[in-house]
Amino acid sequence: MPVVEPFAAKSPYELVVGDDGRVDVRREGRHVAEARLAPRPAWYDRVTPSGRPMHRIATMQGTVLAVYAGSVCEFWVRSEHRPARENCRFCSVGLNLGADDDPAKTEEEILATVHAARREHPLAYVDFNCGHADDGGHLDRLLPVVARVKRETGLLVGVQTPPHPDRARWAALRTAGVNRVSFCFELFDPERFREVCPGKHRVHGQRAYLDAVETCLALGREGPRGEPWVVNGEMVAGLEPPAATIAGIDWLVARGAVPTVCVFRPLVGTDLAHVAPPRPEVVRPVFATLYERCVAAGLPVGAAHDVRPSLVLLAEECRDLVDDPEVRRRLRPAERRLALRRGVLRAALAARRVASAALRAPRGPRVPGSPTAP
Ligand code: SF4
């Protein structure tokens, strides 16, 4: 929950939950917005053919089905070669994995869960996320499962992984129909990157993340016809000067990559739990710039309908943070072009969802005692 950390108590906002589940967001006692908790998907309580509850295989985030693939990020694991943890200091993955989510998932379990979720929701896409693996085999392990999800469902598929020096590995993902690759270099200031992400710095170096962005952008012309291809660079605002994060946004946009930025939150149990979150007025210009740069560059932000990740502010959600009237006026023609393009893309994606829903999903073997068994 986003309200358990001590800093949340200092928020000027108050959440009041009504009997009907509606959440009234108030400021100084006055209503400012209404929210509703996402309903728990029914498939969460079903089990895979191997007997594992599906809520331990994947998570719904709006219309995105998120799968943490592979075992725990090995930056969290001490070993002969890693006497001390090297996890990113803000990260909570090593604290949570195993509590909500199973670290080892088979291809069959993932496929069964994707099909179950797809039968219940109009999924926008399936997003695979994996942390660091010391053997560098993350892409080799992902490729078969993402290719199979693509083949069996036709859904949009994304992967968020560490960089890999072999261009052929990325080309194979593109050929398999993957639609989005995402690289989390977190901080654009090289010194802060080194301090906050010691494992990423030692094993890859910030340059490897930027190189991976450029390598994958160049693959845009090589993929299957009609399959969109987006390259993301992900950053955290609030752990470096705003000018550094804005420089990172500019670096990505200049190359045609889409920046995604979240706000640093000092989560309970993490190495930076004692650090204050950034003040809104400090990070607001970062998000206003994110919107301005993406729209001015004609990047396809907001193309996939109803994508609502819980941690990241998407560029298209930041429009109201642009308060300079001159910037708003200047962006209007680009916004009109983007709205047209977005309409075309959404129509194409909606047609794809309808076609995908028409595909008969394999149901897998029946498991006695399982809610999926008749
Ligand atoms: S690479 Fe860093 S941010 Fe990603 S899971 Fe590992 S420790 Fe966390």
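Mentor: Let us start with residue classes: Ala, Val, Leu, Ile, Met, Phe, Trp, Tyr, Cys and Pro count as nonpolar, Asp, Glu, Lys and Arg as charged, and the others, Gly among them, as polar. A residue is near a molecule or strand if one of its heavy atoms lies within 4 Å of it. The model is predicted: local features need pLDDT of at least 70, side-chain atom pairs count only at pLDDT 80 or more, and totals for chains, interfaces and linings use all residues. Residues are numbered from 1 along each chain as its sequence is written, and side-chain values use heavy atoms, with hydrogens and water left out.

Trainee: Which residues surround the ligand?

Mentor: The ligand is surrounded by Cys 73, Phe 75, Trp 76, Asn 87, Cys 88, Cys 91, Val 93 and Lys 200. By class, this shell has six nonpolar, one polar and one charged residues.

Trainee: Is Lys 200 buried or exposed?

Mentor: Buried means under 20% relative accessible area, exposed over 50%, and partly exposed in between (1.4 Å probe, protein chains only). Lys 200 is buried, because its relative accessible area is 9%. As for its place, helices (H or I, at least four residues) and strands (E, at least two) are DSSP runs, numbered from the N terminus. Lys 200 belongs to helix α6, residues 198–203.

Trainee: With which residues is Lys 200 in contact, leaving aside its neighbours within four places in sequence?

Mentor: Contact means heavy atoms within 4.5 Å. With those neighbours left aside, Lys 200 is in contact with Phe 75, Cys 88, Cys 184, Glu 186, Phe 193, Gly 205 and Tyr 209. Glu 186 lies in strand β8, residues 180–186, and has a phi near 65°, a positive value in a residue other than glycine. Glu 186 counts as buried, because its relative accessibility is 8%.

Trainee: Where is Glu 28, and what is its phi?

Mentor: Glu 28 sits in the loop between β2 (22–27) and β3, and its phi, near 50°, is a positive value in a residue other than glycine. Glu 28 counts as exposed, because its relative accessibility is 71%.

Trainee: How many salt bridges are there?

Mentor: Side chains of opposite charge can pair when their charged atoms come close. A salt bridge is a side-chain nitrogen of Lys or Arg within 4 Å of a carboxyl oxygen of Asp or Glu. By this rule the count is 35. In one of them, Arg 202 pairs with Glu 86, and the closest N and O atoms are 2.5 Å apart. This pair links distant parts of the chain, 116 residues apart: Arg 202 is in helix α6, and Glu 86 is in the loop between β5 (64–68) and α1 (93–96). Glu 86 counts as buried, because its relative accessibility is 11%. A network of salt bridges links Arg 82, Glu 86, Asp 134 and Arg 202.

Trainee: Which residue forms a salt bridge with Glu 234?

Mentor: Arg 180 does, with the closest N and O atoms 3.8 Å apart. Here too the pair links distant parts of the chain, with Glu 234 in strand β9 (residues 230–237) and Arg 180 in strand β8, 54 residues apart. Both Glu 234 and Arg 180 are buried.
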